[in-house]
Amino acid sequence: MQEFSSAKAAVESAAQAAGVEVQISADRVNEYPIFVRVTAFMDDGETATVWEGRQQALFRKNGATRTRSIQEIRDGMLEILKQE
């Protein structure tokens with residue numbers, strides 16, 4: 001669950017920086033290996049994968065990797081929000 005919280009916080013941060021409102025939901029699949037995918041669903045029906053990586057990349061115990069992954073999610077969301 002901490003990986004969802006980390007990804008959610010990154011998306012919320014990007015939305016706040018862009019001054020937009022976003023809806024966030026979790027779509028969990030319990031299969032190994034566990035990957036996390038952050039997907040943006042735009043108003044026009046298009047989708048875009050913002051970030052995809054191993055679940056461990058968002059664990060608190062993996063500080064440097066987590067920080068980099070969160071920044072990648074935030075940057076990816078900001079790029080998509082600029083296009084909207």
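Some conventions come before the structure. Residues are numbered from 1 along each chain as its sequence is written, and side-chain values use heavy atoms, without hydrogens and water. Because the model is predicted, local features need pLDDT of at least 70 and side-chain atom pairs count only at pLDDT 80 or more, while totals for chains, interfaces and linings use all residues.

I begin with helix α1, residues 2-18. Helices here are DSSP runs of H or I with at least four residues, strands are runs of E with at least two, and both are numbered from the N terminus. S6 lies in α1 and is buried, with a relative accessible area of 2%. Buried means under 20% relative accessible area, exposed means over 50%, and partly exposed is in between, with a 1.4 Å probe and protein chains only. The side chain of S6 makes a polar contact with the side chain of R66 at 3.0 Å. A polar contact is a pair of N or O atoms within 3.5 Å; within protein, one must be able to donate a hydrogen and the other to accept it, and residues adjacent in sequence count only if both atoms are side-chain atoms. Neighbours within four places in sequence aside, S6 is in contact, meaning heavy atoms within 4.5 Å, with L58, R66 and I70.

A14 is also found in α1, and at 0% relative accessibility it counts as buried. Setting aside neighbours within four places in sequence, A14 is in contact with R74, M77, L78 and L81. From A14 to Q71 there are 57 residues in sequence, and the C-alpha atoms are 9.7 Å apart in space.

Between α1 and β1 there is a loop that holds P33. The peptide bond from Y32 to P33 is cis, with omega near -5°.

Next come the strands. β1 pairs with strand β2, residues 47-54, in the antiparallel sense over seven bridges; strands pair if DSSP finds at least two bridges between them. R37 stands opposite E52 in β2, and the bridge partner of V38 in β2 is W51. The hairpin of β1 and β2 has five residues between the strands, and G45 takes a positive phi near 95° there.

Which residues have the most contacts inside the largest nonpolar core? They are V38, A40, V50, W51, L58, I73 and M77, in a core of 17 residues. Such a core is a set of buried Ala, Val, Leu, Ile, Met, Phe, Trp, Tyr and Cys residues joined through side-chain atoms within 4.5 Å. α1, β1, β2 and α2 (63-83) each supply at least two residues of this core, and the largest share, five residues, comes from α2. Leaving aside neighbours within four places in sequence, I73 is in contact with A7, A10, V11, V38, V50, W51 and L58.

R28 lies over the face of F4, at 5.3 Å from the ring centre. The criterion is NZ of Lys or CZ of Arg within 6 Å of the ring centre and within 35 degrees of the ring normal.
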